[in-house]
Amino acid sequence: MIPAPFDYQRPTTVADALQLLADNGDEAKVIAGGHSLLPMMKLRFAQPAVLVDIGNIDELKGIVTSGDRIVIGATSTHATVAGSALLAERVPLLAHAASQVGDPQVRHRGTIGGSLAHSDPAADLPVAVVAADATMVIVGPSGRREVHADDFFRGPFETAVEPDELLVAVSVPAATGIGWGYEKFTQRANDWGMVGVAVSGARVVLGGVAGVPWRATAVEEALRSGTPVDRAAALATDGVSPAGDIRADERYRKHLTVVLTGRALRAAGYS
Ligand SMILES: Cc1cc2nc3c(=O)[nH]c(=O)nc-3n(C[C@H](O)[C@H](O)[C@H](O)COP(=O)(O)OP(=O)(O)OC[C@H]3O[C@@H](n4cnc5c(N)ncnc54)[C@H](O)[C@@H]3O)c2cc1C
């Protein structure tokens, strides 16, 4: 399958990228790793006339410490995030979740910004950033704004990033010494999760059960009042009705969710 023809632009600054988005309006689309956008273009689910490739913008690269937070540039690849010694020490959940994305080829092209902006309900990183209490840094024509991960994901393939804006970074509080766990169940190796569960301290987040990463607040409340893991995990699907699909019906997905929540909680140190 071959995408429809498009113009290709490769700006070297965020300002130039924003100008290209402003100049081309609905006709333009940002491309980062291309691992979600290009398949959509081949299937004609997306047909942008102009691609704005942000892969050559140095400001969007790198993983640095800023006070008690770690700031991850949007075009950091999954492999970079997974292999970061800084993240392994300060936000290990995020490094581990990135290591679970697809296969080595996908991890060497796909970016954290692309994965979050794409907002696939089955993806690994959206669940991880919500559990990690992250904040998204967005830049657009009216300046810079920050959106907490809890408010960033608006629905399947829909986020707080407007078409004329760029997600430039993810800012995560350092969580050294905080218990964490990440569990993902796949049908085949290197696949999207049928269900994913991320735990970081008191935050418990489910993937693959709703259109956006789902805070399992009933589990969080039960843990706060000292409920043992198995009884707390049994509450994981309270308030959510996972859709059935070709890989799992609703009942099986709920069962997986409870089992994986229990495992992730134990990995995070709950008993
Ligand atoms: C074979 C295969 C297996 C995969 N397996 C998994 C998996 O197991 N788990 C998983 O989570 N994902 C998986 N993925 C998806 C992968 O993680 C993608 O890399 C990711 O979803 C998109 O990142 P990207 O950099 O490739 O974004 P792109 O495809 O370039 O862009 C995706 C979307 O985000 C927008 N965008 C990108 N960057 C920005 C930005 N900085 N600001 C604003 N908008 C932006 C684009 O306009 C586009 O709409 C898989 C993909 C493939 C092809």
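How much space lies in the largest pocket? About 1200 Å³. A pocket is an open set of points on a 1 Å grid over the protein atoms alone, where a 1.4 Å probe fits, with protein on both sides within 12 Å along at least five of seven lines. Its volume is the space filled by probe spheres set on the points, which are joined across faces, edges and corners.

Before you click on: this is a predicted model, where local features need pLDDT of at least 70, while totals for linings use all residues. Residues are numbered from 1 along each chain as its sequence is written.

**Stop 1**

Select Ser-36, Gly-114, Ser-115, Ala-117 and His-118. Of the 45 lining residues, these are the closest to the centre of the largest pocket. A lining residue has an atom within 4 Å of a point.

Next, select α7 (112-118). This helix (a DSSP run of H or I, at least four residues) gives the largest share of the lining, 5 residues.

Now colour by class. The lining has 20 nonpolar, 16 polar and 9 charged residues. Asp, Glu, Lys and Arg count as charged, and Gly is among the polar ones.

**Stop 2: the sheet**

Stay with β2, a strand (a DSSP run of E, at least two residues). The open sheet has 3 strands in the order β1-β3-β2, with parallel pairing. Two strands pair if DSSP finds at least two bridges between them. The edge strands are β1 (7-9) and β2.

Select β3 (residues 50-53): 4 bridges join this strand to β2. Finish at Val-30, which stands opposite Val-52 in β3.

Definitions and conventions
This is a predicted model: local features need pLDDT of at least 70, side-chain atom pairs count only at pLDDT 80 or more; totals for chains, interfaces and linings use all residues. Side-chain values use heavy atoms; hydrogens and water are left out.
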